[in-house]
Amino acid sequence: MKVLAIDDQQLVLLPLQKRLVELGYEVKIETDATEGLKLYESFNPDLVIVDINMPGLSGLDFVRYIRETKNSQIPIMVLSGNTQDETITEGFELGINDYMKKPLSLNEISARVKRLIGAPEMRNSVANSDVMIQERCVGVVIPCYNEEERLFRDEFISYIDKNSGYHLCFVNDGSTDKTLELLKDLQKGREDFITVYDCEKNGGKAEAVRLGMLHMSKKADLDYIGFLDADLSTDLADFDDLVKTIETSDFKIVSGSRISRMGADITKESARKIISLTINFIIRKILKMDFKDTQCGAKIFSKDVIEIAFGEKFVTQWIFDVEIFKRMSIHFGLKKAKAMLCEQPLKRWIHADGSKLSMKDSVKIVGQLAQIAWVYRSKKSDGKPAKIEVA
């Protein structure tokens with residue numbers, strides 16, 4: 001039994017293909033609908049699964065080709081995030097057999113496939129899957145410097161195995177220990193879901209994140225790109241909550257916030273907390289925004305603002321987050337920028353042992369804030385990415 005699946009996002013197709021193959025189907029996938037037409041002719045599938053919103057040839061065009069041009073009654077299933085009634089109605093009028101709305105579990109997709117074309121004979125039973133096919137695809141940049149002893153390998157692997165639509169990009173920032181070796185081992189066999197970007201020289205967290213974000217922005221199938229600390233002081237479940245916020249809103253940036261609140265597990269060293277409050281007061285004055293916490297290492301961005309936020313090198317090494325928000329206000333104007341930014345409290349944030357940011361570094365941040373205020377003092381909103389002179 002042969003299945004052809006077509007979607008412009010490879011991160012959607014790969015877990016679907018893996019599951020159907022486990023169930024005994026022969027499966028081919030394609031991210032280009034035009035190429036999918038050629039594959040349809042040569043593969044002669046028993047079932048077609050197709051997305052609706054694809055560049056160039058749409059899913060409905062694909063259905064129309066099969067039903068009208070080829071005059072074929074092969075079963076067709078639509079798997080799409082498009083929930084518009086007129087689109088769904090048009091699909092059924094063209095002759096589709098099923099319409100599945102993302103997000104959807106692989107178990108349900110498998111059951112629907114079985115209902116339409118039956119199931120291959122299996123010698124061994126296959127356990128149910130807990131993977132969900134998501135509507136969006138997300139890139140996550142994780143800067144790494146000498147993380148050999150505190151990289152949560154199992155947590156990262158488990159997350160991408162259970163949550164479709166995620167691509168992790170680990171940026172090795174010139175580590176002097178075995179971090180790079182560890183990352184390459186982590187990537188092995190998971191190249192479609194994990195990228196290792198190697199910086200030969202240590203350039204600091206700001207540059208590692210910037211290069212990683214720009215690298216991931218070139219991946220066509222990603223809708224959103226964010227960054228997260230390697231020590232998982234913000235865990236992946238909380239990061240996913242940030243993603244859910246940005247995909248269901250008009251915000252361009254959703255930033256995690258370590259605000260202490262009822263029901264949240266937020267821990268900080270007391271002295272560090274006092275310094276953070278002082279620094280945050282200065283930041284609010286510079287940005288003219290009422291941010292509670294700009295420095296949380298968990299943020300998610302709409303892809304169309306990546307170049308604005310990360311196109312130019314940052315002035316400072318540690319508080320580049322402030323520069324990101326400053327660049328947004330320069331490019332869009334303060335009022336519009338405020339409407340694009342969302343600060344979302346985290347359920348959990350833990351100050352991890354071995355943090356690279358010492359108390360002495362925290363004091364230096366005050367000087368770096370003064371540097372930001374000086375460099376960005378004369379920048380005006382002109383609708384173009386800010387050109388920043390880095391000393």
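Trainee: How many helices and strands are there in the protein chain?

Mentor: The protein chain has 14 helices and 16 strands. Please keep in mind that this is a predicted model.

Trainee: And what share of the residues counts as buried?

Mentor: Of the 391 residues in the chain, 52% count as buried. As for contacts with a separation of 6 or more, 77% of them are between residues 24 or more positions apart.

Trainee: What holds strands of a sheet together in general?

Mentor: Strands of a sheet pair through backbone hydrogen bonds, in either a parallel or an antiparallel manner.

Trainee: How many bridges are there between strand 1 and strand 2?

Mentor: Strand 1, which covers residues 2–6, pairs with strand 2 over five bridges, in the parallel sense. Within this pair, Ala-5 stands opposite Ile-29 of strand 2.

Trainee: Moving on to helix 1, what span should its 13 residues have?

Mentor: Helix 1 comprises residues 10–22, and at 1.5 Å a residue it should span 18 Å.

Trainee: Which of its residues are buried?

Mentor: In helix 1, the buried residues are Leu-11, Val-12, Leu-13, Leu-14, Pro-15, Leu-16, Arg-19 and Leu-20. Just after the helix, Gly-24 takes a positive phi of about 105°.

Trainee: Where else is phi positive, in a residue other than glycine?

Mentor: Asn-44 is one case, with phi near 50°. Asn-44 is in the loop between helix 2, residues 33–43, and strand 3, residues 47–50. Asn-71 also has a positive phi, near 50°, and its place is in the loop between helix 3, residues 59–69, and strand 4, residues 76–80.

Trainee: Why does Asn-44 count as exposed?

Mentor: The relative accessible area of Asn-44 is 54%, and exposed means over 50%, so Asn-44 counts as exposed. Asn-71 is exposed as well, because its relative accessible area is 60%.

Trainee: Which residues does Asn-44 touch, leaving out those up to four places away in sequence?

Mentor: Asn-44 touches Lys-2 and Leu-39.

Trainee: Is Glu-68 buried or exposed?

Mentor: Glu-68 counts as exposed, because its relative accessibility is 52%. This residue lies in helix 3. Glu-68 and Leu-94 are 8.5 Å apart, C-alpha to C-alpha, and 26 residues apart in sequence.

Trainee: Another topic, then. Which peptide bond is cis?

Mentor: The bond from Lys-102 to Pro-103 is cis, with omega near -5°. Pro-103 lies in the loop between strand 5, residues 98–101, and strand 6, residues 104–105.

Trainee: Finally, what is the volume of the second largest pocket?

Mentor: The second largest pocket has a volume of about 390 Å³. It is lined by 18 residues, and the closest to its centre are Pro-15, Lys-18, Val-131, Ile-160 and Asp-161.

Trainee: Which elements give two or more residues to that lining?

Mentor: Those elements are helix 1 and helix 6, the latter being residues 153–162. Helix 1 provides the largest share of the lining, with five residues.

Methods. Residues are numbered from 1 along each chain as its sequence is written. This is a predicted model: local features need pLDDT of at least 70, side-chain atom pairs count only at pLDDT 80 or more; totals for chains, interfaces and linings use all residues. Side-chain values use heavy atoms; hydrogens and water are left out. Helices (H or I, at least four residues) and strands (E, at least two) are DSSP runs, numbered from the N terminus. Buried means under 20% relative accessible area, exposed over 50%, partly exposed in between (1.4 Å probe, protein chains only). The expected span of a helix is 1.5 Å times one less than its number of residues. Two strands pair if DSSP finds at least two bridges between them. On a 1 Å grid over the protein atoms alone, a cavity is a set of points where a 1.4 Å probe fits but cannot get out, and a pocket is an open set with protein on both sides within 12 Å along at least five of seven lines; lining residues have an atom within 4 Å of a point. Grid points are joined across faces, edges and corners, and a volume is the space filled by probe spheres set on the points. Contact means heavy atoms within 4.5 Å.
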